[in-house]
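Let's take a friendly walk through this model, one region after another. Please keep the sequence and the 3D view open as you read.

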Amino acid sequence: MFEEATVFAKINNIDDGTVQELIGSILTNGWQGAPILYHNSIGLITGSHRVEALKRIEEMYDNEELTPEQEAIAEKIDKEGNYYLDVTYIIDEWMEENPEESWEYDSIGKLFEGTEVEKWKDEIEEW
């Protein structure tokens, strides 16, 4: 479950309170908002807390600690796969077009301006 996004190393320190809030929200409301963004060779671009929340939900699922309703929500999220997005092609194209320019994880808006990711710009703190 959640293998596509939970294999990546986190890029930020994790606040346990934030992770717990995300777990509660995900298990109540399903996946909401922007997906976790990743690059095949760079790794995680956004979503350290959400990745950790998914890892913990997966552990809870494996240990049969979820209610049937929560299990159904987790299974639906995993099946739909809208919790992660491979942005390798977007970043690679930007880097080819801007070989002298660099970017930082806390300011990724320029990478995704004019792409499908821009629709989540108000939800991505690092934008």
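Which strands does helix 5 lie across, and at about what angle does helix 5 run to strand 1? This is a predicted model, and in it helix 5 (residues 88-97) lies across strand 1 and strand 3. The helix runs at about 55 degrees to strand 1.

Three strands make up an open sheet with mixed pairing, in the order 2-1-3. Strand 2 (43-44) and strand 3 (84-86) are at the edges with a single partner strand each, so one side of each has no neighbour in the sheet. Strand 1 (residues 36-39) runs antiparallel to strand 2, and two bridges join them. If you look for Tyr38, you will find that its bridge partner in strand 2 is Leu44. In general, strands of a sheet pair through backbone hydrogen bonds, either parallel or antiparallel.

Now turn to helix 3 (residues 48-62), where Arg50 has its place. Arg50 is buried, yet it has no salt bridge. What does the side chain of Arg50 reach at 3.4 Å? It is the backbone oxygen of Pro35. Beyond its neighbours within four places in sequence, Arg50 is also in contact with Leu22, Trp31, Ala34 and Ile36, as well as Pro35.

Salt bridges do occur elsewhere: a search of the whole structure finds five. One of them joins the side chains of Glu52 and Lys10, at 3.2 Å from N to O. This pair links distant parts of the chain, 42 residues apart: Glu52 is in helix 3, while Lys10 is in the loop between helix 1 (3-6) and helix 2 (16-29). Glu52 counts as buried because its relative accessibility is 15%, whereas Lys10, at 29%, is partly exposed. Both residues belong to a network of salt bridges that also links Asp16 and Arg56.

Glu80 forms a salt bridge with Lys76, with the closest N and O atoms 3.7 Å apart. Both lie in helix 4 (residues 68-80), four residues apart, about one turn of the helix. Lys110 forms a salt bridge with Glu101, the closest N and O atoms being 3.2 Å apart. Lys110 is partly exposed at 34% relative accessibility, and Glu101 is partly exposed at 41%.

How values were computed. Residues are numbered from 1 along each chain as its sequence is written. This is a predicted model: local features need pLDDT of at least 70, side-chain atom pairs count only at pLDDT 80 or more; totals for chains, interfaces and linings use all residues. Side-chain values use heavy atoms; hydrogens and water are left out. Buried means under 20% relative accessible area, exposed over 50%, partly exposed in between (1.4 Å probe, protein chains only). Lys and Arg count as positive and Asp and Glu as negative; His and the chain ends are not counted. A salt bridge is a side-chain nitrogen of Lys or Arg within 4 Å of a carboxyl oxygen of Asp or Glu. A polar contact is a pair of N or O atoms within 3.5 Å; within protein, one must be able to donate a hydrogen and the other to accept it, and residues adjacent in sequence count only if both atoms are side-chain atoms. Contact means heavy atoms within 4.5 Å. Two strands pair if DSSP finds at least two bridges between them. Axes are lines fitted to C-alpha atoms, for helices over the stretch in contact, and angles run from 0 to 180 degrees between N-to-C directions.
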